[in-house]
Amino acid sequence: MSDEVKFWHLRNHQLFWVLNNSQVRQLCIITNFKRAQKGELIDFGEKENSRIYLLKKGNLKLVQVDEKGNELIVDIIQQGELFGSLTLDREDREYEYAQVLTDRVVLCSFNVSDFERLLAEYPTLAISYTKLVGFRLKRVKNRYSNLFFKNTRERLIAFLNDWANREGRFNGMEVSLDNFLTQKEISQIICSSRQTTTQIFNEWEQKGLISYTRKEILIKNLKALV
């Protein structure tokens, strides 16, 4: 990837709006860009090799693995979002990885050590970074709150609302979503059984409230999902 393409990828990301063009061009020297294919795993690295990623194009799922090897989908990463070693802590971090969900994914990443030096050199960038990470953590916190205070149907509705507001194409009350998740993955995200999730989707389809295919989810009216 040419330096000019790298420049515009970084220039157009809201994290770097606080920097001038000359400063952004300097970032191209320490930034790594890569393209990834559907199904590919993205490891965040260990200790001194830990990395912070910006997703420029496509979608990923963020997976956490516990000590017993159980996997949990903790978030869906969408275009423009940050992921990886966001706390800048290279120690005592539970094992996480990301998996590519869509075609033609483009990623840019920084070594945590390099990124720490950037934040120290540009205080306005540090403020911008803190805000973006704060928004991300707030969304994850809301998901965990839903687990305690909402039933399965309410959690699924909340998930679809969030997805629609972030990526949906609205036409009046109707919204369509490019579907890159299986019902099993949706079930894992909302902490439900696949059977229960499928049952709710089937009920909505029978009522004409939703049309679900492997490539698209068409919701006739989000407010009618009850």
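The points below take up helix packing and then strand pairing in this predicted model.

1. Helix α3 against helix α4. Helix α3 covers residues 112-121 and packs on α4 at an angle of about 115 degrees, the two axes being 5 Å apart. On the α3 side the contact is made by Phe115, Leu118, Leu119, Ala120 and Glu121, which meet Pro123, Leu125, Ala126 and Tyr129 in α4. The residues of this contact comprise eight nonpolar and one charged, with no polar residue.

2. Helix α4 against helix α5. Helix α4 (residues 123-149) and α5 have axes that come within 9 Å and cross at roughly 160 degrees. Angles over 145 degrees count as roughly antiparallel, and α4 and α5 are therefore roughly antiparallel to each other. The crossing of α4 past α5 is right-handed. Arg139, Asn146, Leu147 and Phe149 of α4 are in contact with Glu154, Arg155, Ala158, Asp162 and Arg166 of α5. By class, the residues of the contact of α4 with α5 are five charged, three nonpolar and one polar.

3. Helix α5 against helix α7. The axes of α5 (residues 152-167) and α7 (residues 194-206) come within 10 Å, crossing at roughly 70 degrees. That angle makes α5 roughly perpendicular to α7, since 65 to 115 degrees is the range for this description. From α5, the residues Thr152, Arg153, Leu156, Ile157 and Leu160 meet Thr196, Thr197, Ile200, Phe201, Glu203 and Trp204 of α7. Six nonpolar, three polar and two charged residues make up this contact.

4. The hairpin of β9 and β10. Strand β9 (residues 169-171) pairs with strand β10 (residues 174-178) in the antiparallel sense, over three bridges. Within this pairing, arginine 169 has serine 176 in β10 as its bridge partner. The two strands form a hairpin with two residues between them. Which residue in the turn has a positive phi? Glycine 172 does, with a value of about 70 degrees.

5. Strand β10 against strand β12. Strand β10 is also joined to β12 (residues 216-219), by four bridges, and these strands run antiparallel. In this pairing, valine 175 stands opposite isoleucine 219 in β12.

6. Points to inspect. The reader may wish to view the contact of α3 with α4, where eight residues are nonpolar, beside that of α4 with α5, where five are charged. The turn at glycine 172, with its positive phi, may be viewed together with strands β9 and β10.

Note on methods. Residues are numbered from 1 along each chain as its sequence is written. This is a predicted model: local features need pLDDT of at least 70, side-chain atom pairs count only at pLDDT 80 or more; totals for chains, interfaces and linings use all residues. Side-chain values use heavy atoms; hydrogens and water are left out. Axes are lines fitted to C-alpha atoms, for helices over the stretch in contact, and angles run from 0 to 180 degrees between N-to-C directions. Angles under 35 degrees count as roughly parallel, over 145 as roughly antiparallel, 65 to 115 as roughly perpendicular and the rest as oblique. Contact means heavy atoms within 4.5 Å. Ala, Val, Leu, Ile, Met, Phe, Trp, Tyr, Cys and Pro count as nonpolar, Asp, Glu, Lys and Arg as charged, and the others, Gly among them, as polar. Two strands pair if DSSP finds at least two bridges between them. A crossing is left-handed if the near helix is turned anticlockwise from the far one by less than a right angle, and right-handed if clockwise.
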